[in-house]
Amino acid sequence: MTTLVTVPDIETRFAGVITPDTRKGYQGYIVEAEHVRAFAKALRDDYGYDYLASLTGVDYLPEGKMEVVYHVYKSTGGPGLVFKVQVPRENPVVPSIVDIYPGANFQEREAWDLLGIRFEGHPNLRRILLWEGFWGHPLRKDWREPYFEEEGKPFSSRWPHGKHFHHEDKNPFGKNVDYPPGFDPYTWEPDTADEILYQAVLQRSEIRDDLRTERVVVNLGPQHPSTHGVFRMIVTLDGETIIGLEPVMGYLHRNHEKIGERNTWIMNIPYTDRLDYITAMANNFGYVLAVEQLMGVKPPERAEYIRVIMAELTRIVNHLWAIGFLLNDLGAFFTPALYAIEERELILDVFEATTGSRMMNNYFRFGGVARDIPEDAWDKLVQLVTDRLPRKVDELDRYLTNSELIQSRTIGVGVLTAEEAIAYSTSGPVLRASGVPYDIRRADPYSIYDRFDFDVAVRYHGDVYDRYLIRIDEMRQSLRILQQAVKQIEQEAPRGAPILAGKPQYQVRVPPGESYGRVEAPKGELGFYVVSTGKPNPWRYHVRAPSFVNLTALEAMCRGHKIADVVTILGSIDIVLGEVDR
Amino acid sequence: MTQRTGRDRYEGLQVPGYDIPDEVKGNVIVTTLNRLYNWGRRNSIWPMMFGLACCAIEMIATAASRYDLARFGMEVMRPSPRQADVMIVSGTVTKRMIPLIVRLYNQMPLPKYVVAMGACASGGGPFKEGYNVVSGVDKYIPVDVYIPGCPPTPEALLFGLMKLQQKIEKQSLKDVYLQKEEYIPEPILGPDIMDPRDFPLIREYTMKKLQEMQGQGAVSG
Ligand code: SF4
């Protein structure tokens, strides 16, 4: 479980500037807006909190306040620290901390986009998930979507009365749109965002005068065979060399957070499946951990084991997929991916037998899991983790690792140093391939990971090749955990032991307060920041998505390389758009 | 020629009512141009290689070895709309993406087909109420086959594609050739997504809203 700390020393040093957050269920400090930069700098330089995990905003409408919440950790491990800045709701302005924690870059832009909090001093404060010109900031509590029905579910028309209607019939346009009063579409300037963007990229890439080559701006995506979904990059080239890169996202922005705040607590579990849709189980894990912290429930032994087993299987699925498609990006079109998907299907069979669905498992519950693993699926699972998968991982390793083609395309490409990796708040395999042995399963253990014997995989060059190797390493470590888990579960909590604490319930009671649940998802740190007011719906539901934050480092990795390498580097970060755009 | 094979019976492929010389038997197939043409078309549908969301993962799984889309002649995924016959809209369509989807659709050559894969593409799915989600791609472009599911299993996708094959089978050559290129205006990103065909309606609506607001202001002020 994530624990958060207070540092007495810092309280005296910043006396008068920071106050402990004394609201019931809250932790950490509230910092005066004008001193947040000094405070952050001190935390980073003098106290070792060099890793900004999450930055987000909360709209406290009744109090008329906007709050920015920062979670910082030490890259050497241990519990973290949370601090907040409160500003008035009418004109929320907070100093930007991008130059202290570069990893805040996209997260601040997101808070501006969705909540309208202005970060003063941010180098590029534009909308990130929505487009310039969008009407309003949708995560504000008084903003209503076109299909608005009620503040929170269950909607009274649907339950218990069961009157279903089509939103389309009620909307004057028959589709999901609404426009501000007095708006005239004929005078609307069709958006020039693209040109502005191209200009901005040109300006930001530093001018080299010695060789006056013409600079070219190339657009990749959002429909591009190798962007892993609807991701778009605008690349500035000097000849073939990249001198600037601007990721553009939001093409799959599905409003998880707004919908999540209308949903009841339990309704959000299936939505988390659809964040990173390759690793549904790991997403469930993060969310239930965050809510369980608030509720104060602990799952029974057997459920803990099942959770770990499922989460580690998910990691293998993800890494197989990532390697298969990295090779795809390198030009080995689909053959390695076929090998990878073959194994994935076998794991999905186990998931399907257990949860009823191949991908969208909706399996974890607050205080346990939904059902036990059926016996025949269990036998298959044991056979997989003890026999087949280890062989297949070795096979993949044998085919790929020493391939000259792969080595020549990946070694030394897309290097990210350890310092940069920490500064950009990257996590997961990207961080560990740069030589930072930071794995939340060890650094800030949750669930029952402290019982297993495994190594934190780490590689030191920080290039694409290492990011590939580390995934092979991690699969091996996951298999180690799995082999121990399938043995231990038989002894500690054999079949028939409870898998859910308490009775299954549709409407859970979540006491007021905040909580941040973080897990080591296959792609990196997956965090859920939830705020409860004691109502059936979360007040705030924020997802700190590893793919999204890892992309902050993309430009730094790509600069100086050739255009053909961009695709490889992107493939080695392993993003999933469902999670980037949410 | 009394013995009729299963092949002869195949959808009304009848034995002609006259004698066929022995040396020609088994060497000549009589069919209509329509059927021949459609037989070729339905067995070589090239999908556009483009995935939107979670459903795309199942689409990839369908193309992989266990389900093997190649059995249907559909494994040739083309990244360019110019070479594609069918657009599998595999995932949530967002307002930000719909102008590009319409553009891709316009760029596909005739005859073209659209398959809405999954709940999201068919009608908004779990994200229907979202402010950035288009509740069904058919609000903007015509759809031939809807596949339910979230995500549809690979089997369901295959079934949907077989339905598309059946549809192609039934089309007549004449209709396919005389089909008019229909250009769908690209939606524009304004304060919300705007369909250019809706402009008059939008203005009417926003002006009414403004008047209502001013009316209220006059009453309370
Ligand atoms: S239908 Fe379901 S699986 Fe498919 S894109 Fe929508 S949410 Fe994802």
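Predicted model: local features only at pLDDT ≥ 70, side-chain atom pairs only at ≥ 80, totals over all residues.

User: Okay, is A:R127 buried or exposed?
Analyst: A:R127 counts as buried because its relative accessibility is 9%, where buried means under 20% relative accessible area, exposed over 50% and partly exposed in between, with a 1.4 Å probe and protein chains only. A:R127 sits in the loop between β7 (118-120) and α4 (167-170) of chain A, with helices (H or I, at least four residues) and strands (E, at least two) taken as DSSP runs numbered from the N terminus.

User: And what is A:R127 in contact with, leaving aside its neighbours within four places in sequence?
Analyst: The contacts, meaning heavy atoms within 4.5 Å, are with A:R109, A:W112, A:D113, A:E132, A:G133, A:F134, A:G136 and A:H137. For A:F134, the backbone oxygen lies 3.2 Å from a polar atom of the A:R127 side chain.

User: Switching topic: how many aromatic pairs are there over all chains?
Analyst: The search of the whole structure finds 31; rings of Phe, Tyr and Trp (its six-membered ring) pair if their centres lie within 6.5 Å, and planes under 30 degrees apart count as stacked, over 60 as edge-to-face and the rest as tilted. One of them is the tilted pair of A:Y51 and A:Y438, with 5.7 Å from centre to centre and 40° between the planes.

User: Where do A:Y51 and A:Y438 lie in chain A?
Analyst: A:Y51 is in strand β3 (residues 51-60) and A:Y438 is in the loop between α14 (429-433) and α15 (440-443), so the pair ties together parts that are 387 residues apart in sequence. Both A:Y51 and A:Y438 are buried.

User: Why is the pair of A:Y449 and A:F454 edge-to-face?
Analyst: The pair is edge-to-face because the planes are at 70°, with the ring centres 6.5 Å apart. A:Y449 is buried at a relative accessible area of 0%, and A:F454 counts as buried at 2%. Ring pairs also link A:Y449 and A:F454 into a cluster with A:F285, A:Y305, A:Y363, A:F364, A:Y446 and A:F452.

User: Last one, which helix of chain B holds B:L33?
Analyst: B:L33 lies in helix α2 (residues 33-42) of chain B, and B:L33 is exposed, with a relative accessible area of 59%.

Note on methods: Residues numbered from 1 in each chain as written. Chains lettered and ligands numbered in written order. Heavy atoms only, no water. Polar contact = N/O pair within 3.5 Å; in protein donor to acceptor, adjacent residues only side chain to side chain.
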